[in-house]
Amino acid sequence: MHNVRRVLDVGCGPGTDAPQFADMDYLGIDQNERYISHARRRHGRPFEVGDVTRLEVPTDQRFDFILVNSLLHHIDTPSTRGLLAHLPNLLSDGGHVHVIELVLPPRSSLPRLLARADRGEFPRSLQEWHGLFVESFDEIVFEPFDVCVGRIVFWNMVYFKGCAKHRSSPMRENAS
Ligand SMILES: C[S@@+](CC[C@H](N)C(=O)[O-])C[C@H]1O[C@@H](n2cnc3c(N)ncnc32)[C@H](O)[C@@H]1O
C-alpha cells in the first residue's frame, strides 16, 4: 500500500485485519473488551476499547487509511450516518476510507436468509449502502462481491473506497 503510514481500524474485533498493516502505524478500536485484550496479547500493537459511535480520536490525529470492515450492519442508521460524517475529519490529505459491508439482497435467497440471521441487526440493500457512503465521501470504488463456498453464494457484500468530499472553491465558482 503505497503512501500509507497511519491506519485506523474502526470496529476492529479481535484484530483480524491488523497483520495486513504490519509495517504501518496502526490503531484498532472496538467496544468489546474481550476482543481488545485478545488483540493486544496476540498482536502487541495499540488497541483501544471504545464505542465508535462516539469516536474520540483527537482530530489532530489523521489517518491515511481508515478501515471499517463489517461494522456498520451492527449500527443503526442515525449512528451510522453520524460515524461516516465524522470520519473525513480523521483522514489525512490524500487519505481514504475503505468499507466492507454485508448486503441484504432484495429477493428470497440463501444470502438474504444469512444476512437476516446475522448478529448485526442492520444489513442494508446495495442502494441504501451507496446512499450512506456518498453522503459523506466522494466515491472512488463501489463494488459488490459475493462470498462463496464452492459454487454456492453464501453472502452478498460490498466494498467501498472513498475520499473526503472535494468542495469547489468560491473563487472558481465566481470565475465561471
Ligand atoms: C462482525 S465484527 C467485525 C470485526 C472486524 N472488523 C473483522 O472484520 O473481523 C463487528 C465488530 O463491531 C464491533 N462493534 C459493534 N458496534 C460497535 C460500536 N458501537 N463501537 C465499537 N465497536 C462496535 C463488535 O464488537 C465487533 O467486534
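**Reading the model**

Guide: Strand 2, helix 1 (residues 33-43) and strand 3 form a β-α-β unit that is right-handed. A crossover is called right-handed if, with the strands pointing away from the viewer, the path from the first strand over the helix to the second runs clockwise. Helices (H or I, at least four residues) and strands (E, at least two) are DSSP runs, numbered from the N terminus. The model is predicted, and local features need pLDDT of at least 70, side-chain atom pairs count only at pLDDT 80 or more, while totals for chains, interfaces and linings use all residues. Residues are numbered from 1 along each chain as its sequence is written, and side-chain values use heavy atoms, with hydrogens and water left out.

Visitor: In which sense does strand 2 pair with strand 3?

Guide: Two strands pair if DSSP finds at least two bridges between them. Strand 2 and strand 3 (residues 47-49) are parallel and share 3 bridges; there, Asp-30 has Val-49 of strand 3 as its bridge partner. Strand 2 also pairs with strand 1 (residues 6-10), again in the parallel sense, over 5 bridges. Val-7 has Tyr-26 in strand 2 as its bridge partner.

Visitor: How many residues of strand 2 are buried?

Guide: Buried means under 20% relative accessible area, exposed means over 50%, and partly exposed lies in between (1.4 Å probe, protein chains only). Strand 2 (residues 25-30) is mostly covered, with 5 of its 6 residues buried.

Visitor: Which strands pair with strand 7 in the antiparallel sense?

Guide: In a regular strand the side chains alternate between the two faces of the sheet. Strand 5 (residues 91-102) is antiparallel to strand 7 (residues 152-164), with 6 bridges between them, and Leu-102 stands opposite Met-157 of strand 7. Strand 6 (residues 137-149) also runs antiparallel to strand 7, to which 12 bridges join it. Here Val-147 stands opposite Trp-155. The hairpin of strand 6 and strand 7 has 2 residues between the strands, and Gly-150 in this hairpin takes a positive phi near 65°.

Visitor: What does Lys-161 touch, leaving out residues up to four places away in sequence?

Guide: Contact means heavy atoms within 4.5 Å. Lys-161 belongs to strand 7, and with that sequence limit it touches His-96, Val-97, His-98, Asp-138, Glu-139, Ile-140 and Val-141. Lys-161 is partly exposed, at a relative accessible area of 21%.

Visitor: Is Ser-125 buried or exposed?

Guide: Ser-125 counts as buried because its relative accessibility is 19%. Its place is in the loop between helix 3 (110-117) and helix 4 (126-136). Apart from neighbours within four places in sequence, Ser-125 is in contact with Val-103 and Leu-104.

Visitor: How many salt bridges does the structure hold?

Guide: Side chains of opposite charge can pair when their charged atoms come close. A salt bridge is a side-chain nitrogen of Lys or Arg within 4 Å of a carboxyl oxygen of Asp or Glu. The structure holds 2 of them. In one, Asp-51 joins Arg-54, with the closest N and O atoms 3.6 Å apart; Asp-51 is partly exposed at 32%, whereas Arg-54 counts as exposed at 62%. In another, Glu-135 joins Arg-81, with the closest N and O atoms 2.8 Å apart. Glu-135 lies in helix 4 and Arg-81 in helix 2 (residues 77-86), so this pair ties together parts that are 54 residues apart in sequence. Glu-135 is partly exposed, with a relative accessible area of 42%, and Arg-81 is partly exposed, with 39%.

Visitor: Which residue has a positive phi although it is not a glycine?

Guide: Most residues other than glycine have a negative phi, and most peptide bonds are trans. Ser-70 has a positive phi of about 60° although it is not a glycine. The residue Ser-70 lies in the loop between strand 4 (63-69) and helix 2, and Ser-70 is partly exposed, with a relative accessible area of 28%.
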